[in-house]
Amino acid sequence: MQELNTASECIRDVFPGAEIVADRTDNYPIRVVVKAQMGAQSVPVWSGRQQSLFRKYAKERKKAISAIKTNLEDLKTTLDDEE
C-alpha cells in the first residue's frame, strides 16, 4: 500500500480533486503506472518499479516523487494552455 499512498499524495498535491483508482496486479516484476484519464484518452504520467515508492528506499523514493510531480505539473500546464 505504500506505493499507492505515495503516488496518491503526489497526485493530490497537483490535482487536489482527482479521483484515484487503483488497478492492482500480481504479475512480477511489479510496476507502478500513474496515468491520467482525460475523457476516453489515458495519458501515461509515470511508470517505475514498485520499490521506488517504498519509504525503505528513501533515495529512490525521492527521485520517483520528484519525477511524478514534475510530470503532473507539465500535464497541468498543458491542460491550462488548452483552455
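**Helix contact and salt bridges**

In H1, Thr6, Cys10, Ile11, Asp13 and Val14 meet Arg61, Ile65, Ile68, Lys69, Leu72, Glu73 and Lys76 of H2. Six of the residues in this contact of H1 with H2 are nonpolar, one is polar and five are charged. The model is predicted. It holds two salt bridges.

**Packing of H1 and H2**

- The axes of H1 and H2 lie 9 Å apart, and the helices pack at an angle of about 35°.
- The crossing of H1 with H2 is right-handed.

**Salt bridge Asp13–Lys69**

- Asp13 and Lys69 join their side chains in a salt bridge, at 2.8 Å from N to O.
- Asp13 belongs to helix H1 (residues 2-14) and Lys69 to helix H2 (residues 58-82), so this pair ties together parts that are 56 residues apart in sequence.
- Asp13 is exposed, at 51% relative accessible area.
- Lys69 is partly exposed, at 30% relative accessibility.

**Salt bridge Arg49–Glu60**

- A salt bridge also links the side chains of Arg49 and Glu60, at 3.4 Å from N to O.
- Here a strand meets a helix: Arg49 sits in strand E2 (residues 41-49) and Glu60 in helix H2, so the pair ties together parts that are 11 residues apart in sequence.
- Arg49 has a relative accessible area of 40% and is partly exposed.
- Glu60 is partly exposed too, with a relative accessible area of 31%.

Technical notes:
Residues numbered from 1 in each chain as written. Predicted model: local features only at pLDDT ≥ 70, side-chain atom pairs only at ≥ 80, totals over all residues. Heavy atoms only, no water. Salt bridge = Lys/Arg side-chain N within 4 Å of Asp/Glu carboxyl O. Helix = DSSP H or I, 4+ residues; strand = E, 2+ residues; numbered from the N terminus. Buried < 20%, exposed > 50% of the residue type's maximum accessible area, 1.4 Å probe, protein only. Axes fitted to C-alpha atoms, helices over the stretch in contact; angles between N-to-C directions. Left-handed = near helix turned anticlockwise from the far one by under 90°. Contact = heavy atoms within 4.5 Å. Nonpolar A, V, L, I, M, F, W, Y, C, P; charged D, E, K, R; others polar.
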